[in-house]
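Please keep the sequence and the model at hand while reading.

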Amino acid sequence: MNEQTLFSIFFSAMIVNNFTLALFLGLCPFMGVSARVETALRMGFANIFVLVLTSLAAWFLNTYILETAPFLRIISFIIVIASLVQIVETAIKKLSPALFRQLGIFLPLITTNCAILGLAIFQTNRGYDFLQGLTFAIGAGLGLTLALVLMASIRESVEFSDVPGIAKGTGLVLIIAGTLSMAFMGFAGLF
Amino acid sequence: MRTTTAQQDFIRGIWKENPVLVQMLGLCPALAVTNSVANALAMSGATFFVMSCSSVLISTCKRFIPHEVRISAYILVIATFVTLADMLLQAYAPAQHKELGAFIALIVVNCMILGRQESFSSKNSVFRSLLDAIGTGVGFTIALVMMGGFREILGTGSFLGYPLFGPNFEPWVIMVLPAGGFLTLGFILLAMGAIEQRRKDRAERKEEPVAEVSS
């Protein structure tokens, strides 16, 4: 049982220990789908949704099943996450084909996003209870979305500027990310 | 059909298709745990172990794994070896295990490992797959140790814990913080881009020996 308040968990996950910029989780979408603000937003929301579901599932597994077999933790988490994403994908496809078309390839890709498994493992290591886990998941999801949207906005405006030929592509994105991360360091020690 | 020799399978992963520096796979561990050389070594050791074991097992069983559920099967195999690596590290290197924390478990979702299984081990013989895994693992280790070296030397003024510069050196604290990870990898990529550009220019010049007047 962890004694942190919900407020500090939320802000710590969203800003101070931002999953992307401070813990390096979820870098693949950060590099891959941050070229347009709109896609970045959509990816962020898909992530929040899956993060919340994962947090619930991880809490359930930890409380009722894994107590007797802690060594199965990694395996069971990854299976549960993979099947969750599959279920969500099928459900959205059936219920709202328009939304499904918009999310496209991003949904299945979320399975191999380290932020999701990372959240489940951090939650377990820190011993969050049900409500704390939920707050943690929402905070982390909002933090991911924030980082993605910031990055996408910068990239949109850098697109037409005159950068040296060798800096075009990933090198430039990484340096921008480093600068963003430095900005977020200003929040360090807040909680 | 085989288009590459065994030697090429081994060499390819080290430089030309280096997983971190060229293919941009496995970035999370490459950035997160490279604040010291010791951590980088422990991480690449664990990844190397998981990678070689799962490559051998998957290429052995490739006939029995149904095509439709192959990705889940690969993930299961990888997760099993990650659990093993986690326990081994906890038993033999508890200090590193504590430092790396959750990132050992996150080897499961390292796209580099899954990528090699899907594109190589599931189609090639056991020996070839092992060579490929070792090559990619060595490439991963080189990238991680290079980053860890830069960040530790500049960030703390020491290498593997031994001080290098004497007491007058002011460490660049930013290099061991998260921002330093992004910046280090960014600058390494810029350097690689510059080398690549120069090579391309030279090749073009060879093709057209008559230099253009206007340039």
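**Chain B**

The coordinates come from a predicted model. Chain B contains 9 helices and 2 strands. Read from the N terminus, the elements of chain B follow the order α-α-α-α-α-α-α-α-β-β-α. Along the principal axes, the C-alpha atoms of chain B occupy a box of roughly 60 × 55 × 25 Å.

**The interface between chains A and B**

Chain A contributes 34 residues to the contact and chain B contributes 35 residues. The size of an interface is often expressed as the accessible area lost when the parts come together. Between chain A and chain B, about 2,900 Å² is buried, and carbon and sulfur atoms give 89% of this area. The number of salt bridges between chain A and chain B is 0.

**Helix pairs**

Two packed helices are described by the angle between their axes and the distance between the axes.

| Helix pair | Angle between axes | Distance between axes |
|---|---|---|
| H9(A) and H9(B) | about 165 degrees | 8 Å |
| H4(A) and H4(B) | roughly 150 degrees | within 8 Å |
| H8(B) and H9(B) | roughly 120 degrees | within 10 Å |

How are H9(A) and H9(B) oriented to each other? Angles over 145 degrees count as roughly antiparallel, and the angle of this pair is about 165 degrees; H9(A) and H9(B) are therefore roughly antiparallel to each other. Their crossing is left-handed. On the chain A side, the residues in the contact are A:Thr170, A:Gly171, A:Leu174, A:Ile175, A:Ala177, A:Gly178, A:Ser181, A:Met182 and A:Met185. Their counterparts in H9(B) include B:Phe182, B:Leu183, B:Phe187 and B:Leu190. By class, the residues of the contact of H9(A) with H9(B) are 13 nonpolar, 5 polar and no charged.

The crossing of H4(A) and H4(B) is right-handed. H4(A) brings A:Ile74, A:Ile75, A:Ile78 and A:Ile79 to the contact, while H4(B) brings B:Ile75, B:Leu76, B:Ala79, B:Thr80, B:Val82, B:Thr83 and B:Asp86. The residues of the contact of H4(A) with H4(B) comprise 8 nonpolar, 2 polar and 1 charged.

H8(B) and H9(B) are oblique to each other, and their crossing is right-handed. From H8(B), the contact uses B:Met146, B:Met147, B:Phe150 and B:Arg151; from H9(B), it uses B:Gly180, B:Gly181, B:Thr184, B:Leu185 and B:Ile188. The residues of the contact of H8(B) with H9(B) are 5 nonpolar, 3 polar and 1 charged. B:Leu185 is among the residues of H9(B) that meet H8(B), and B:Leu185 is also among those that meet H9(A).

**Salt bridges**

How many salt bridges does a search of the whole structure find? The search gives 6 salt bridges over all chains. A:Glu159 pairs with A:Arg36 in a salt bridge, with 3.7 Å between the closest N and O atoms. A:Glu159 sits in the loop between helix H8 (130-158) and helix H9 (170-185) of chain A, and A:Arg36 sits in the loop between helix H2 (27-32) and helix H3 (37-65) of chain A. The pair links distant parts of the chain, 123 residues apart.

Conventions
Residues are numbered from 1 along each chain as its sequence is written. Chains are lettered from A and ligands numbered from 1 in the order in which they are written. This is a predicted model: local features need pLDDT of at least 70, side-chain atom pairs count only at pLDDT 80 or more; totals for chains, interfaces and linings use all residues. Side-chain values use heavy atoms; hydrogens and water are left out. Axes are lines fitted to C-alpha atoms, for helices over the stretch in contact, and angles run from 0 to 180 degrees between N-to-C directions. Helices (H or I, at least four residues) and strands (E, at least two) are DSSP runs, numbered from the N terminus. Angles under 35 degrees count as roughly parallel, over 145 as roughly antiparallel, 65 to 115 as roughly perpendicular and the rest as oblique. A crossing is left-handed if the near helix is turned anticlockwise from the far one by less than a right angle, and right-handed if clockwise. Contact means heavy atoms within 4.5 Å. Ala, Val, Leu, Ile, Met, Phe, Trp, Tyr, Cys and Pro count as nonpolar, Asp, Glu, Lys and Arg as charged, and the others, Gly among them, as polar. Buried area is the accessible area (1.4 Å probe) that two parts lose on being put together, summed over both. A salt bridge is a side-chain nitrogen of Lys or Arg within 4 Å of a carboxyl oxygen of Asp or Glu.
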